[in-house]
Amino acid sequence: MASDPQKSAPARTEPARASVLIVNWNGRHHLEACLNSLAAQTCRDFEVVLVDNGSADGSVDYLRKRFPWVKLVPLDENTGFAGGNNVALEHAAGEYLIALNNDTRVEPGWLEELVRVADENPRAGMVGSRICSYDDPDLVDSLGVKVCLDGMSRGAHRLRKFSELRLERVEPILLPSACAALYRRSMIEEVGFFDERFFAYCEDTDLGLRGRRAGWEALLATGAVVYHKYSQTGGGFSPLKLYLVERNHYWAAFRNFPLPLLFLLPFTTLLRYLEQVRVVARGEGSGGEFRAGDSKLQLVWAILKGTAGGIARLPSLLLWRARLENGRGLSSRGMSSLLRQYRLSFKELLDVPGAGS
């Protein structure tokens, strides 16, 4: 029997110190576990702002009846993960802004640990969570995010066993996964929040790299534990997801990569394509999933369409970054060093067995 949500509402001061931002689209079946786990947090000084992206599954009525303590913002249309979070930001009061996927469940001490690490490290603009599989609590989904030299990104240590890793309570990372990440409001006021043009996927890579370029640090709180149902909204190999990922990773690179890495982008992209062909031919890692899926021609077309869509915005994105080049932050050399320090190999990106060992 689920606890009474009214009695479980967080008792907090006004305004809340932390705002948990959730975007929902036809995810009613995820909400009870997610919100009940938030109601059980040891940290009580927080609010939950939930934006519903025009759901047609009864999510809004369900939330109003079952979780009246949630600050609900219903929209008439799907504005994507990025747009939904930006709407949530308009209604959030917290010093700390915590993005959280609706298909998650968090441990009782999750928020308390995120806030503690942020308080202890005032130059950290971002704090990531230990994100593990919903069905296997020891299987890593993401411990921060790494980036390939062509701009593709993925959760660090994905598919490793957390119990086999030897990590400190706080670890430096390149940037966090927005599946469950704390962002300091002062950083967001400086660099902006998610770019709505991304709609979904890679928007957290873009935001994280913008924060790092501005000189903010990023940390992982390994004691802030989240369990995540991977790719429940976009699907593992849907044409829409492949299109958005392919398009958006170019945008993140064009906006944030230092010029030497941008000049290498055609070469590094070709290397990734060759590695993708190899893993599909051998049925390794994600290549095996691709071969087992349906509509392979649609998937290939989605990748090509995403590439064209990414390149089409190159002039406007380069103009955007030119306006920021004189701002405070890392030098081109410093950003190159950071990206190489947290570089993701193409084999890791494609889940080739043993690649991340």
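Predicted model: local features only at pLDDT ≥ 70, side-chain atom pairs only at ≥ 80, totals over all residues.
Helix H9 runs over residues 265-282, and its 18 residues reach 26 Å from the first C-alpha to the last. That span is close to the 26 Å expected at 1.5 Å a residue.

Which residues of H9 are buried? They are Leu265, Thr268, Thr269, Arg272, Glu275, Gln276 and Val279. These residues lie on the same side of H9, because they cover an arc of only 120° around the axis. Turned away from that buried side is a face with the exposed residues Pro266, Leu274, Val277, Ala281 and Arg282. Just after H9 comes Gly283, with a positive phi of about 70°.

Most residues other than glycine have a negative phi. Two residues in this model deserve mention on that account. Phe199 has a positive phi of about 65° although it is not a glycine. Phe199 is placed in the loop between H5 and H6, and its relative accessible area of 29% makes it partly exposed. The second residue is Asp351, where phi is near 60°, again a positive value in a residue other than glycine. Asp351 belongs to the segment after helix H14 (346-349). Is Asp351 buried or exposed? Its relative accessibility is 18%, and the cut-off for buried is under 20%, so Asp351 counts as buried.

I remain with the loop between helix H5 (185-191) and helix H6 (203-213), where Phe193 is also found. Phe193 has a relative accessible area of 8% and is therefore buried. What does Phe193 touch, if residues up to four places away in sequence are not counted? The list consists of Leu21, Asn85, Asn86, Leu89, Tyr183, Ile188, Leu207 and Arg210. For a distance along the chain, take Val73: it is 120 residues from Phe193, and the two C-alpha atoms are separated by 18 Å.

A further loop position is Ser177, between strand S10 (170-172) and strand S11 (180-184). Ser177 is buried, at a relative accessible area of 15%. Leaving aside neighbours within four places in sequence, Ser177 is in contact with Ile131, Ser142, Val145 and Asp204.

I turn now to helix packing. Two packed helices are described by the angle between their axes and the distance between the axes. For helix H7 (residues 239-256) and helix H12 (residues 314-322), the angle is about 35° and the axes are 8 Å apart. The crossing of H7 past H12 is right-handed. Which residues meet at this contact? From H7 there are Trp251, Ala253, Phe254, Arg255 and Asn256, and from H12 there are Leu314, Leu317, Leu318, Trp320 and Arg321. By class, the residues of the contact comprise seven nonpolar, one polar and two charged.

Leu319 is also placed in helix H12. Is Leu319 buried or exposed? With a relative accessible area of 57%, against a cut-off of over 50%, Leu319 is exposed. Leu319 and Ser295 are 24 residues apart in sequence, and their C-alpha atoms are 37 Å apart in space.

To close, I return to two points for discussion.

Notes
Residues numbered from 1 in each chain as written. Heavy atoms only, no water. Axes fitted to C-alpha atoms, helices over the stretch in contact; angles between N-to-C directions. Helix = DSSP H or I, 4+ residues; strand = E, 2+ residues; numbered from the N terminus. Left-handed = near helix turned anticlockwise from the far one by under 90°. Contact = heavy atoms within 4.5 Å. Nonpolar A, V, L, I, M, F, W, Y, C, P; charged D, E, K, R; others polar. Buried < 20%, exposed > 50% of the residue type's maximum accessible area, 1.4 Å probe, protein only. Expected span 1.5 Å × (residues − 1). Arc of directions from axis to C-beta.
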